[in-house]
Amino acid sequence: MCLAVPHEIIKILDENRAIAAAGPVEVEIRTDMVSDISIGDKVLVHAGFAIEKLQGSEGEEICSLWEELREVMENENASNRK
Amino acid sequence: MKTPQTENKEKIVPILSHALNSLLEEAATKSITVMEVCGTHTVAIFRHGLKALLPKSFKLVSGPGCPVCVTDQSEIDAAISIAEREDSIVATYGDMLRVPGSWTSLQECRARGRSVKVVTSVTQALDLAEENPDKNVVFLGVGFETTAPATALALIEAKKRKLDNFLVLCMHKTVPLALEALANSEELSLDGFLLPGHVSVIIGLNPYRFIPEKYGKACAIAGFEPFEIMAGLLEIARQVIKGEPTIKSMYPRAVRPEGNRTAQELLDKVFEPCNAHWRGLGEIPLSGYKMRPEFEIHDASLRLNIEKKPSPLPTGCRCGDVLKGLISPIECPLFGRACTPMKPVGPCMVSSEGSCAAQYKYDRKGQL
């Protein structure tokens, strides 16, 4: 029930409503809970409401994880060489 | 076609798993037990077979993070009693439809011609109230902090639009205090919590601070992709092994440390905390929401004089123990026999986010 799906804002209807798309599916959503929405913004939609504007991307999160993992693996290799 | 990003996402999962295995092996830790709190996490873990990638000494148990599942039997019965009334239309999210009450379900009420409408947003219930001025339209307010702000907004709008026939049966609950009950449990002896991503979008990090500070449990907030869940579990293992419990968000693109302030203000304007009954966990003080006096005109319990009477659980159903993480679904004697998704006995088999439904769909024999 707490499922929220990322959507992209494709049209602003008024102060509190917008059209957002998830893949080919377009829906009207409420934007009362997020501020400064623009076309192209990515938002998380739950039960017809945008609950947060997404900052950055999944790709960036993956990159930062790779960095952390590289550290873990380097430590591991170092301890294996001992 | 796979994009480089999809490939990266797929590649990183086994590497995270390898890192987790190495970490536990090196630390020679006896075992780590972590509760995934959120029902959406439970389903994702089953769907992607993530348990198979965990070290044997890393135990993952499901918690009370499916709002429909933790809705008390007395609340289900109260919703059904409203559906039985001639003067009311019940508007509900679809998950509630098939949950068995003590004598029937909302779905059966609907089949008998009672007015039960499925909505995907509370705004549709507002529209129903406008279209049916001679009926009470009763929205079933189920859900955690993720869902409750939308109900708050609808109540503000109902007041503005003078829709006095829009009522809410308020069953909303808040997650952090339920976690306190679980963190305290000696039966469970948890080392950490994988915290729910979308509840955290609303409340931020602060409401969970007591978990590491008072109870010494490790915490990570995670999104719902396999790599995000594995990264969350790895983070928890690191905290446990280092003996430095804290809260780390592994879902920074969605969760701001302070949460969504607008949503928090909506909650605060419309609701105040009240004691709430959780299936399995019993009454937890101040873990629910009730409407503030200025919104009581929309309170279905008061307007329709609905009593929430204690109701016994179905015989043999162990949803309560499943929700507390004390047993896995397959340990329930009814699982897969008397209780199946086609003919559910308890709510954990009904809801798409229920642990029993997820276990039945993805790992019926408990092989993972």
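This is a predicted model: local features need pLDDT of at least 70, side-chain atom pairs count only at pLDDT 80 or more; totals for chains, interfaces and linings use all residues.
Over all chains, the structure holds 23 salt bridges.

| Salt bridge | N to O distance | Accessibility of Arg | Accessibility of Glu |
|---|---|---|---|
| Arg17(A) and Glu28(A) | 2.9 Å | Arg17(A), 30% | Glu28(A), 47% |
| Arg256(B) and Glu52(A) | 3.2 Å | Arg256(B), 25% | Glu52(A), 5% |
| Arg161(B) and Glu157(B) | 3.2 Å | Arg161(B), 29% | Glu157(B), 17% |

In the salt bridge between Arg256(B) and Glu52(A), Arg256(B) belongs to the loop between strand S9 (247–249) and helix H12 (261–270) of chain B, while Glu52(A) lies in strand S5 (residues 49–53) of chain A, so the pair joins two chains. Arg256(B) is partly exposed, whereas Glu52(A) counts as buried. Arg161(B) and Glu157(B) also take part in a network of salt bridges, together with Arg30(A), Asp32(A), Asp127(B) and Glu130(B).

Helix H4 (residues 73–83) of chain B is largely enclosed by the rest of the structure, because 10 of its 11 residues are buried; among them are Gln73(B), Glu75(B) and Asp77(B).

Most residues other than glycine have a negative phi. Ser189(B), however, has a positive phi near 40 degrees; this serine sits in the loop between helix H8 (175–183) and strand S7 (192–195) of chain B and is partly exposed at 46% relative accessibility. Leu286(B), likewise not a glycine, has a positive phi of about 60 degrees; Leu286(B) is placed in strand S11 (residues 282–291) of chain B and is partly exposed, at 48%.

How values were computed: Residues are numbered from 1 along each chain as its sequence is written. Chains are lettered from A and ligands numbered from 1 in the order in which they are written. Side-chain values use heavy atoms; hydrogens and water are left out. Helices (H or I, at least four residues) and strands (E, at least two) are DSSP runs, numbered from the N terminus. Buried means under 20% relative accessible area, exposed over 50%, partly exposed in between (1.4 Å probe, protein chains only). A salt bridge is a side-chain nitrogen of Lys or Arg within 4 Å of a carboxyl oxygen of Asp or Glu.
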